[in-house]
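Student: Can you walk me through this one? I want the helix packing and the aromatic rings.

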Amino acid sequence: MADVTDERVPILMYHSVATEPNDATRALSVTPQAFAEQMAVIAERGLTPVDTAELAACWRTGRPLPERPVLVTFDDGYEGVHRHALPVLARHGFPATLFVSTGWLRGPHDTGGGLDTMLDWEQVRELADAGVEIGGHSHSHPQLDQLDDRRLRSELVLCKEIVSDRLGRAPASFAYPYGYSSRRVREAVRETGYAQALAVGNGLARRSQGPYALRRVTVRRSTDTAEFERLVEGRALSRVFVRDRALTKGYAVVRRARHARRLAAPGRR
């Protein structure tokens, strides 16, 4: 068993798994063949997939993690997770976590915001029945740290209530849309009843990050086998994601300034 005090865990962040994604999702998609090859790498290297709830529970209680843990997570709720990813996960016996934006899924709560073909609720239930943890990802996928308190609370609560109603159990895990959060957002996520939450950060997750700011690494269409091996082994991540981190830091300054202007606007409370 791994030492819970200093273990660094790769949490893989996927979005769409599709042969022909549209332009909006292409960069953050992977082909079905690439996904199958990546899961084979995990199996061949003796890594042990766990879901988000299990990882957080081990770190919260001090219970040992399995040897060489890794997480497979999906954001948004694209139909290819059911069509292409689920059979591969089932073949290997791998757990995973799917974070759904409830207003993007096909069905009675659909707001029309989905970027490509999305899952419907029957498919989400089939994923859950197959052992995929279903987590929250807000209702309409906004930048949560740019919302006022009322809208922030609405996004979190509505997502949780819809998942609970549709699946018969409340989601325990959450992922921040775009990876953006703040102390205020993290506190709201905790108060809504989520037990843990994932950001992005493109670094390995560690217990010291706290249960509401666990980092993930992005898997995208340009991720080849050699790069994927580095991701799951936690090697040279700063070099792999150097451009992403520079852009993230620059955009963070812009977003903070934008949010400050909104708060200072006349009539703003």
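Student: Start with Tyr180. Is Tyr180 buried or exposed?
Tutor: Tyr180 counts as buried, because its relative accessibility is 16%. Buried means under 20% relative accessible area, exposed over 50%, and partly exposed in between (1.4 Å probe, protein chains only). One caution: this is a predicted model, where local features need pLDDT of at least 70, side-chain atom pairs count only at pLDDT 80 or more, and totals for chains, interfaces and linings use all residues. Residues are numbered from 1 along each chain as its sequence is written, and side-chain values use heavy atoms, with hydrogens and water left out.

Student: And Tyr178, buried or partly exposed?
Tutor: Tyr178 is partly exposed, at a relative accessible area of 46%.

Student: Give me the overview. How many helices and strands in the protein chain?
Tutor: Nine helices and twelve strands. These are DSSP runs numbered from the N terminus: helices are H or I with at least four residues, strands are E with at least two. Of the 269 residues in the protein chain, 49% are buried. Among contacts with a separation of 6 or more, 66% join residues 24 or more positions apart. Contact means heavy atoms within 4.5 Å.

Student: Back to rings. How many aromatic pairs?
Tutor: The count comes to six aromatic pairs. Rings of Phe, Tyr and Trp (its six-membered ring) pair if their centres lie within 6.5 Å; planes under 30 degrees apart are stacked, over 60 edge-to-face, the rest tilted. One of the pairs is Phe35 with Phe74, which is tilted: 5.8 Å centre to centre, with 45° between the planes.

Student: Where do Phe35 and Phe74 lie?
Tutor: Phe35 is in helix 1 (residues 32-44) and Phe74 is in strand 6 (residues 69-76), so the pair ties together parts 39 residues apart in sequence. Phe35 is buried, at 0% relative accessible area. Phe74 counts as buried too, at 1%.

Student: What about Tyr178 and Tyr180, how are their rings arranged?
Tutor: That pair is stacked, because the planes are at 25° and the centres 5.9 Å apart.

Student: Which residues do ring pairs link into a cluster?
Tutor: Tyr14, Phe35 and Phe74.

Student: Now helices. How do helix 1 and helix 3 cross?
Tutor: Their axes come within 10 Å and cross at roughly 20°; helix 3 is residues 80-92. Axes are lines fitted to C-alpha atoms, for helices over the stretch in contact, and angles run from 0 to 180 degrees between N-to-C directions. Helix 1 and helix 3 are therefore roughly parallel. Under 35 degrees counts as roughly parallel, over 145 as roughly antiparallel, 65 to 115 as roughly perpendicular, and the rest as oblique.

Student: Which residues make the contact?
Tutor: Helix 1 brings Pro32, Phe35, Ala36, Met39, Ala40 and Ala43; helix 3 brings His84, Ala85, Val88, Leu89 and His92. By class, that contact of helix 1 with helix 3 has nine nonpolar, two polar and no charged residues. Ala, Val, Leu, Ile, Met, Phe, Trp, Tyr, Cys and Pro count as nonpolar, Asp, Glu, Lys and Arg as charged, and the others, Gly among them, as polar.

Student: And helix 4 with helix 5, at what angle do the axes cross?
Tutor: Roughly 75°, with the axes of helix 4 (residues 121-129) and helix 5 (residues 149-167) coming within 10 Å. Helix 4 and helix 5 are therefore roughly perpendicular.

Student: Which residues meet there?
Tutor: Trp121, Val124 and Arg125 of helix 4 meet Ile162, Val163, Arg166 and Leu167 of helix 5. The contact of helix 4 with helix 5 has five nonpolar, no polar and two charged residues.
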